[in-house]
Amino acid sequence: MNKTPLLYLLGSSLLMSLLLFQACQPKGGDSQNVYRDADITDIAPDMSDRVFENDYVKATVISIPFEQDFPAHTANDRLIFALNKFKLEADNGSEASSKTYEEGEVNKLIAGQYSFKNVGINPVRFLSITRNSGNLNQSNVTGTSNGITKVAPGQSSILMEDEKSRMIEVDLAPGSSIPVHDALPRMIYTLNSAEVKFLHPIEGAQKFWATRGSQGEIIWLDSGQYRIVNTSKRKPARFIMVGYKK
């Protein structure tokens with residue numbers, strides 16, 4: 001039996017497999033480690049702190065020291081909320097761009113591969129918010145025509161909105177409140193030591209959620225109608241709300 005054709009076929013198959021393997025490798029060169037399907041807190045535990053997670057959303061505080069890198073990784077769409085002023089370089093594997101963030105600024109990163117580098121003089125601190133796969137309950141929302149920015153335009157402002165989500169900042173004076181309004185399912189993140197109640201009427205009764213008066217607290221509220229009260233008589237309450245449409 002002539003083994004030459006068989007050896008030729010085996011060699012051709014091996015060569016094709018190697019070429020396909022190389023073609024599927026991430027951009028950025030063989031020296032770049034890209035973490036796939038790994039949690040960001042496992043990739044860089046010293047620079048990431050998971051502060052909240054449920055079926056619908058997860059929030060992580062990323063802290064990158066001066067001149068340090070955050071490893072390359074893949075991630076779903078995410079919102080970045082700057083917790084201080086900093087300059088960050090983001091590399092998506094094919095190009096790198098730097099941006100100076102002001103405190104409270106919002107940016108959206110589409111799903112893909114990224115690495116970060118602190119290229120400024122300040123430590124980098126931002127809240128990274130990613131949607132999980134759980135199905136949201138939208139049954140109690142009749143619409144957003146009576147949303148918070150409609151009933152309280154002087155106390156709330158939209159920071160970012162697209163077809164999937166909306167981020168709103170709220171600033172309540174001591175002892176003030178926001179009337180009943182329609183709300184999407186949303187995550188609340190306090191920007192100062194806020195003491196806030198979120199009151200939800202249920203069949204003549206009233207259910208409520210409250211923050212404990214610390215910066216960086218997070219609570220999750222299902223969709224429905226709510227009234228918001230700053231229960232402190234001395235301190236303003238500042239927080240962001242990230243609501244999800246789908």
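## Close-up views of a predicted model

**View 1. Glutamate 195 and its partner, lysine 235.** With a relative accessible area of 29%, glutamate 195 is partly exposed. The structure shown here and in the other views is a predicted model. Glutamate 195 forms a salt bridge with lysine 235, at 3.7 Å from N to O. The two residues come from distant parts of the chain, 40 residues apart. Glutamate 195 sits in the loop between S13 and strand S14 (196-202), and lysine 235 in the loop between strand S17 (224-230) and S18. Lysine 235 is partly exposed as well, its relative accessible area being 30%.

**View 2. The salt bridge between arginine 212 and glutamate 217.** The closest N and O atoms of this pair are 3.9 Å apart, which falls inside the 4 Å limit for a salt bridge. Arginine 212 is exposed, at a relative accessible area of 72%. Glutamate 217, by contrast, is buried, with a value of 8%.

**View 3. The network of Asp39, Arg50 and Glu53.** Salt bridges link these three residues in a network. Within it, arginine 50 pairs with glutamate 53, and their closest N and O atoms lie 3.1 Å apart. Glutamate 53 is classed as partly exposed because its relative accessibility is 45%. Arginine 50, at 22%, also counts as partly exposed; the limit for buried is under 20%. In the model, the count of salt bridges comes to 11.

**View 4. Aspartate 182, a buried acidic residue without a salt bridge.** Aspartate 182 belongs to strand S12, which covers residues 177-183. The nearest side chain of opposite charge is that of arginine 186, 9.4 Å away. The side chain of aspartate 182 does make a polar contact, at 3.1 Å, with the side chain of glutamine 225.

**View 5. The largest nonpolar core and methionine 187.** This core has 21 residues. Phe81, Leu127, Ile129, Met167, Met187 and Tyr189 have the most contacts inside it. Two or more residues are contributed by each of strands S2 (57-64), S4 (78-82), S9 (124-131), S13 (186-190), S16 (218-221) and S18 (237-244). Another core, of 18 residues, lies apart from it and includes Val170, Leu172, Ile178 and Ala194. Not counting residues up to four places away in sequence, methionine 187 touches Phe52, Val57, Ala59, Leu127, Ile129, Ile218, Ile219, Trp220, Ile240, Met241 and Val242.

**View 6. Strand S8 with its partners S3 and S5.** Strand S8 spans residues 112-118 and is mostly covered, five of its seven residues being buried. Strand S3 (residues 69-75) runs antiparallel to S8 and is joined to it by five bridges. In this pairing, alanine 75 has glycine 112 as its bridge partner in S8. Strand S5 (residues 86-91) is likewise antiparallel to S8, with four bridges between them. Here the bridge partner of leucine 88 is asparagine 118.

**View 7. Asparagine 118 in strand S8.** Asparagine 118 counts as buried because its relative accessibility is 1%. Its side chain reaches the backbone oxygen of isoleucine 64 at 3.0 Å. Leaving aside neighbours within four places in sequence, asparagine 118 is in contact with Ile64, Pro65, Phe66, Glu67, Gln68, Lys87, Pro123 and Val124.

**View 8. Serine 63 in strand S2.** The relative accessibility of serine 63 is 27%, so the residue counts as partly exposed. Beyond its neighbours within four places in sequence, serine 63 contacts Met47, Val124 and Arg125. Serine 63 and valine 124 are 61 residues apart in sequence, yet their C-alpha atoms are 5.4 Å apart in space.

**View 9. The whole chain, for orientation.** The protein chain has three helices and 18 strands. Of its 246 residues, 41% count as buried. Among contacts with a separation of 6 or more, 72% are between residues 24 or more positions apart.

Terms used
Residues numbered from 1 in each chain as written. Predicted model: local features only at pLDDT ≥ 70, side-chain atom pairs only at ≥ 80, totals over all residues. Heavy atoms only, no water. Buried < 20%, exposed > 50% of the residue type's maximum accessible area, 1.4 Å probe, protein only. Lys, Arg positive; Asp, Glu negative; His and termini not counted. Polar contact = N/O pair within 3.5 Å; in protein donor to acceptor, adjacent residues only side chain to side chain. Core = buried A, V, L, I, M, F, W, Y, C linked by side-chain atoms within 4.5 Å. Contact = heavy atoms within 4.5 Å. Pairing = 2+ DSSP bridges.
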